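Dear colleague,

I am handing over the structure below, and I would be grateful if you would look through it before reading my notes, which follow it.

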Amino acid sequence: MAPTLCAVCKTERALIKRPKNHAKLCKGCFISIFEDEVHHTITSSQLFFPGEKVAIGASGGKDSTVLASVLKTLNERHGYGLDLVLLSIDEGIKGYRDDSLETVKRNALQYDMPLKVVGYDELYGWTMDQVVETIGKKGNCTYCGVFRRQALDRGAKMLGIQHVVTGHNADDVAETVLMNLLRGDLARLSRSTSIVTGDSQSEVKRSKPLKYCYEKEIVLYAHHKKLDYFSTECIYSPEAFRGSARGLIKQLERVRPTAILDIVRSGEDMARLVPGESSSSCACKGQKAVAAVPAEDDMGGCGSTSGRTPGDEMAAMDKQLRENEAHEGLEIDIAKAVSEKTDGTEKQKGLPIRSANGASKGAPRQVLGKCKRCGYMSSQDICQACMLLEGLNKNRAQIQI
Amino acid sequence: MTNSLEAPTIPITVDFSGGLEMLFDNQRRYAVSLPATDANGKPANISFLIDHLCRTLMKDPRADLFVLDRHIRPGILVLINDADWELEGEEAYEIQPRDNILFVSTLHGG
């Protein structure tokens, strides 16, 4: 077979077939287009401001390694003026995280970025190894997820940073959309599609600059740029449900590669239909409204062509503000469901029920405040992490007796 | 010189990465002498190579992390001399001497 030539430069041999539009590209053109598209996502969503300190949530895996590499490249190329720092979480899983942290340490040298590592043990007094020892492998991902979410924010605060970027890619977002669809959790579906989460009230905002990047292209980018990353599976096997969603996504991609971005787009479109959630995934009520809604209209093939105008957005925002109060009850209370489980009586029926929130807790309004125990931001009196810790500490006490 | 009684083989290199090396004795690169033809006398292609690797190199019982229903598991990329196998005819690509075939998983986190 005669080698296919790159569709862009028409001189080099094509090495990549892009999943989203079947374009055949050579290595050089692929790398520059990949970077240009991330730049486009960053600028059109106004993710950063000049001089901003940004922490890159770094695991040593492919996604965060590519994110660090691309952000460094773009920061220098386009003069973003960002102060980039690597922030790693040590969950305390021997034979897994200790190896990948070595990769992050090398990345810190390779990209000339400072590195901060925060451990579950110092934050919570528990490593994941100890958690699994106590509660078993089942459901440990819930603990790890809740702890990690807070750990990244706390690590950022220690560094005086208000913005954490993570390596979530299009496959991850599609997977989450699918999972929330299958769970009937539209409120969460809506939030998961947003490129920016966390609001002006919370101290740390989150964003996913690789939201529109295929996992396949992230791996190919890492391969062709010879990036140093670590790949392994967490030794505490992941949730079966997420695994099934992931398998389904990959099978769909094989048959119809555009399916992944199509699911992301469908998720975004569905998000607009969720009352009070249309743009409140970044619930920055007002001043950062533009950043809240991903401006994906002219997104080189990866955006939705919904033809929204700024006027529509303002009207939607206005409407949303009015609807916010009315739909407060739609918030899902995951901490409640989890705390029921940790009571020992595993109630399968105790899944979050929309109307159950507030009414049963005597806390009708979800207002972001501070956890009474750890002082960390929370919409509940006691934050999710403290709830889980309470259950864990009870168990530990029992074991000691 | 190839002995006429011995089946001719094709010398190639096979690489595993992205976590797949775990299934192959934690070794990233293998020099493989691939039989030039399959059982039916057809020239060796990628499909035959995958089968050959499972029979001869796989040290791990979890073969389903590499192949599903005799096809490469979705989410594993195959690069033939650094080019996406989709550009080269996928499973039907006929293997040439000194080819480098890379299997890289996108399925593993970090």
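**Interface of chains A and B**

Between them, chain B and chain A bury about 2300 Å², of which 53% is on carbon and sulfur atoms; buried area here is the accessible area, taken with a 1.4 Å probe, that two parts lose on being put together, summed over both. Please bear in mind that this is a predicted model, in which local features need pLDDT of at least 70 and side-chain atom pairs count only at pLDDT 80 or more, while totals for chains, interfaces and linings use all residues. Residues are numbered from 1 along each chain as its sequence is written, chains are lettered from A and ligands numbered from 1 in the order in which they are written, and side-chain values use heavy atoms, with hydrogens and water left out.

In terms of contact (heavy atoms within 4.5 Å), 27 residues of chain B meet 28 residues of chain A. The rule finds 5 salt bridges across this interface, a salt bridge being a side-chain nitrogen of Lys or Arg within 4 Å of a carboxyl oxygen of Asp or Glu. Lys216(A) and Asp84(B) are joined by a salt bridge between their side chains, at 2.6 Å from N to O.

On the side of chain B that touches chain A, the elements giving two or more residues are β5 (76-80), β6 (83-84) and β7 (100-105) of chain B, where strands (E, at least two residues) and helices (H or I, at least four) are DSSP runs numbered from the N terminus.

**Within chain A**

Over all chains, the search of the whole structure finds 38 salt bridges. Lys72(A) forms a salt bridge with Glu76(A), their closest N and O atoms lying 3.0 Å apart, and both residues belong to helix α2 (residues 62-78) of chain A, 4 residues apart, or about one turn of the helix.

In another part of my notes, Met128(A), Val131(A), Val132(A) and Ile135(A) in α5(A) meet Asn140(A), Tyr143(A), Cys144(A) and Phe147(A) in α6(A).

With kind regards
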